[in-house]
Amino acid sequence: MGDLLLARHGETEWSRDGRHTGRTDLPLTPRGEDQARSLAPLLTGRSFALVLTSPLVRARHTAELAGLTGAEPEPGLREWDYGGYEGITTADIHRTRPGWDLWTDGVPPGRDFPGESPEQVGERADRVLSRVAGALEEGDVMLVAHGHLLRVLTARRLGLPPAAGRLFRLETGTLSRLSLDRGSPVVAEWNTRP
């Protein structure tokens with residue numbers, strides 16, 4: 001059984017500024033490109049049974065700069081749909097909605113995006129995990145995607161509810177690894193940088 005490797009895309013202008021970036025397709029900043037390139041040495045010597053990326057440019061470009069070849073876009077790896085909170089910081093949301101919490105409250109629909117609850121993101125993560133299950137039997141699998149989605153996916157891989165993703169802070173341009181210990185999924189590495 002292989003390991004499940006997770007790479008969060010490099011920095012974008014909005015991730016740097018703490019703005020919720022779901023469906024808005026932003027490019028990497030120059031620092032984000034450097035972060036993506038810095039993942040390459042961590043992947044040297046590894047082969048993958050499957051490499052999947054979010055269809056958004058920031059994840060696809062991260063995969064390319066990290067030297068991953070043959071990556072397939074996977075719609076289930078797109079970031080949480082932040083609905084009416086797209087492009088807004090948590091601090092700004094708290095000005096009008098004190099006590100709001102993404103992990104328990106989800107987001108309201110927006111003009112352009114419908115928004116998702118933690119459970120809906122968890123369902124997408126479960127579908128991705130089902131898709132990669134066979135490939136994990138053959139070897140390591142690499143997923144390149146987004147912070148909140150990968151946190152939910154980690155929680156689901158560990159058998160936790162989607163909202164438990166709040167426990168796994170994930171930095172831009174980092175590599176994490178989920179493995180097995182005596183047959184049970186575990187976090188083997190988290191937020192690794194060269």
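**View 1. What covers helix α4.** The cover over the buried residues of α4 includes β1, α2 (30–38), β2 and β4; contact here means heavy atoms within 4.5 Å. Helices (H or I, at least four residues) and strands (E, at least two) are DSSP runs, numbered from the N terminus. This is a predicted model, in which local features need pLDDT of at least 70 and side-chain atom pairs count only at pLDDT 80 or more, while totals for chains, interfaces and linings use all residues. Residues are numbered from 1 along each chain as its sequence is written, and side-chain values use heavy atoms, with hydrogens and water left out.

**View 2. The buried side of α4.** In helix α4 (residues 57–65), R58, A59, T62 and A63 are buried, that is, under 20% relative accessible area (1.4 Å probe, protein chains only). These residues lie on the same side of α4 because they cover an arc of only 135° around the axis, taken from the directions from the helix axis to the C-beta atoms. After α4 comes G67, with a positive phi near 85°.

**View 3. Strand β4, enclosed.** Five of the five residues of β4 (residues 141–145) are buried, so the strand is largely enclosed by the rest of the structure. Look at both faces: V141, L143 and A145 are buried on one side, and M142 and V144 on the other.

**View 4. The partners of β4.** Strands pair if DSSP finds at least two bridges between them. Strand β1 (residues 4–8) runs parallel to β4, joined by five bridges, and L6 stands opposite L143. Strand β2 (residues 50–53) also pairs with β4 in the parallel sense, over four bridges; here L50 stands opposite V141.

Terms used:
Buried < 20%, exposed > 50% of the residue type's maximum accessible area, 1.4 Å probe, protein only.
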